[in-house]
Amino acid sequence: MADPARARKIADRIQELIAANLQQVVKDPDLGFVTITDVRVTGDLQHASVFYTVFGDDAQRERSAEVLEANRGKLRSFVGKQLGIRLTPTLELIPDALPESASHIDDLLRSARERDEDLARSRSGAQPAGDADPYRTTDEGEGTSPSTEA
């Protein structure tokens, strides 16, 4: 089992290598605008999960996923040559769901903000239901407080 710090360093290096050289290694015009969002390497340094996003519509994402999968061997060979470690980890290319979940969170925040604005508008002309001071106070002549009354 490798040191977790070393695994993280190797993951960071793999991310840098793939992100910087993806267009030069793959050389396919069908490859869309791909961003490498994260890389995770197992503790034994044998497997690397590469998370990516593709800017564009669903057809562009599917085509880019096919191109990346077809060129996974080239990417692994390139990474192995650049890393210079004894064993090159296998690469698993995984589409990252980050943009979809981020847009969902943005939609939820937008609807919450709209509900807050509606509530603020409905409260703008509201009056209290009871007296201005709804709490019991002592009479000036009695001299006792509500907590000492029996």
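Q: Is glycine 73 buried or exposed?

A: In this predicted model, glycine 73 has a relative accessible area of 52%. Exposed means over 50%, so glycine 73 is exposed. Its place is in helix H3.

Q: Which distances describe the relation of glycine 73 to leucine 91?

A: One is counted along the sequence and the other through space. Glycine 73 and leucine 91 are 18 residues apart in sequence, and their C-alpha atoms are 8.4 Å apart in space.

Q: How is the span of helix H3 read?

A: The distance from the first C-alpha to the last is set against an expected value. Helix H3 covers residues 72-83, which is 12 residues, and reaches 16 Å, close to the 16 Å expected at 1.5 Å a residue. Just after H3, glycine 84 takes a positive phi of about 70°.

Q: Which residues of H3 are buried, and what covers them?

A: A general point comes before the case. An α-helix has 3.6 residues a turn, so residues three or four places apart point the same way. In H3, the buried residues are Leu75, Phe78, Val79, Gly80 and Leu83. Their cover includes helix H1 (4-26), helix H2 (58-70) and strand E3 (90-95).

Q: How is the packing of H1 and H3 described?

A: Two packed helices are described by the angle between their axes and the distance between the axes. For H1 and H3 the angle is about 125° and the axes are 10 Å apart. The two helices are therefore oblique to each other. H1 passes H3 in a right-handed crossing.

Q: Which residues of H1 and H3 meet?

A: From H1 come Ile10, Arg13, Ile14, Leu17, Ile18, Asn21, Leu22, Val25 and Val26. From H3 come Lys74, Leu75, Phe78, Val79, Gln82 and Leu83. The residues of this contact between H1 and H3 divide into 11 nonpolar, two polar and two charged.

Q: Is serine 64 buried or exposed, and what does it contact outside its sequence neighbours?

A: Serine 64 lies in helix H2. Its relative accessible area is 0%; buried means under 20%, so serine 64 is buried. Leaving aside neighbours within four places in sequence, serine 64 is in contact with Asp30, Leu31, Gly32, Val34 and Val54.

Q: Where does a residue other than glycine take a positive phi?

A: Leucine 45 is one case, with phi near 60°. Leucine 45 is found in the loop between E1 and strand E2 (47-55), and at 10% relative accessibility it counts as buried. Lysine 27 is another residue that is not a glycine, and its phi is positive at about 55°. Lysine 27 has its place in the loop between H1 and strand E1 (33-41). With a relative accessible area of 67%, lysine 27 is exposed, whereas leucine 45 is buried.

Q: How many helices and strands does the chain have, and what pattern do they follow?

A: The chain has four helices and three strands. Read along the sequence, the pattern is α-β-β-α-α-β-α.

Q: What do the totals for burial and contacts give for the chain?

A: Of the 150 residues in the chain, 25% are buried. Among contacts between residues at least 6 apart in sequence, 59% join residues at least 24 apart.

Note on methods. Residues numbered from 1 in each chain as written. Predicted model: local features only at pLDDT ≥ 70, side-chain atom pairs only at ≥ 80, totals over all residues. Heavy atoms only, no water. Expected span 1.5 Å × (residues − 1). Buried < 20%, exposed > 50% of the residue type's maximum accessible area, 1.4 Å probe, protein only. Contact = heavy atoms within 4.5 Å. Axes fitted to C-alpha atoms, helices over the stretch in contact; angles between N-to-C directions. Parallel < 35°, antiparallel > 145°, perpendicular 65-115°, else oblique. Left-handed = near helix turned anticlockwise from the far one by under 90°. Nonpolar A, V, L, I, M, F, W, Y, C, P; charged D, E, K, R; others polar.
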